[in-house]
Amino acid sequence: MKLMRVGEAGSEKPALLDADGKIRDLSGHVADIGGEAITPAGLAKIAAIDPKRLPEIAPGRIGACVAGTGKFICIGLNYSDHAAETGATVPPEPIIFMKATSAIVGPNDNVIIPRGSEKTDWEVELGVVIGKTAKYVTEAEALDYVAGYCVSNDVSERAFQTERSGQWTKGKSCDTFGPIGPWLVTKDEIPEPQNLGMWLTVNGQKMQNGSSKTMVYGVAFLVSYLSQFMSLHAGDVISTGTPPGVGMGLKPPRYLKAGDVVELSIEGLGTQKQTFVADR
């Protein structure tokens, strides 16, 4: 299934995209796309509904594909080819940092370049949405705890991230720096998350063109690994790293400015399109 949330910010309705590309209203069956609705039992309940019996919703703004996210966890330098372009060494264990949940926005919402930013960058990433509480799970069972996948743009301000003291989080958590969606695609539609093509363009120019097959630490490993340190709950999102082609890795580096348009997509998971605007 392709689950989504449609409507103005703060008033989104839960919905699904049917086989004909029509948006169907789920609000008569679930409160939102998150929490109980994306547990195995919740997804089974939705899957049992005949989409044609659901009211159709006219296309409009698409919100973030999951509601009530408690943790937005990101993995750094998780693509061998991206680590190489930045001159970094692949880490012996995953690099973990957090993106504030207040950064989450819809997939096509404007992204605000924060005040003082000169190095706002792009990163197309595979997002993993947790579907039930995971604690001390093994790698072999880890995917049982995944509800599905989504496109994530891990927007980053590189000067905030790396040139000022402290952790990466402040360069990753600016308002609007976490577009996710357009859909939460349930895992039955993505049987092999480690072989998904992904790309990103800036003003129509292809900048990233990679595949999740070059991830150093795969989805199952990451879910298991993270669950050794913290419980993962339904609605938590893991953004799993980016392939090469980010602005920081170019020679010379290239960063985003007001008016730039970024489009990104992952095979089977849909497309995002954002216009970058200056903060006022």
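Residues are numbered from 1 along each chain as its sequence is written, and side-chain values use heavy atoms, with hydrogens and water left out. Because the model is predicted, local features need pLDDT of at least 70 and side-chain atom pairs count only at pLDDT 80 or more, whereas totals for chains, interfaces and linings use all residues.

A salt bridge is taken here as a side-chain nitrogen of Lys or Arg within 4 Å of a carboxyl oxygen of Asp or Glu, and by this rule the count comes to 15.

Aspartate 236 and lysine 71 form another salt bridge, at 2.8 Å from N to O. This pair links distant parts of the chain, 165 residues apart: aspartate 236 sits in the loop between α4 (219-227) and β17 (237-239), and lysine 71 in the loop between β4 (56-57) and β5 (72-76). Helices (H or I, at least four residues) and strands (E, at least two) are DSSP runs, numbered from the N terminus. Aspartate 236 and lysine 71 are both buried.

The side chains of lysine 99 and aspartate 154 meet at 2.7 Å, N to O, in a further salt bridge. Because lysine 99 lies in the loop between β6 (95-98) and β7 (104-105) and aspartate 154 in the loop between β11 (146-153) and β12 (156-157), the pair ties together parts that are 55 residues apart in sequence.

Technical notes:
Buried < 20%, exposed > 50% of the residue type's maximum accessible area, 1.4 Å probe, protein only.
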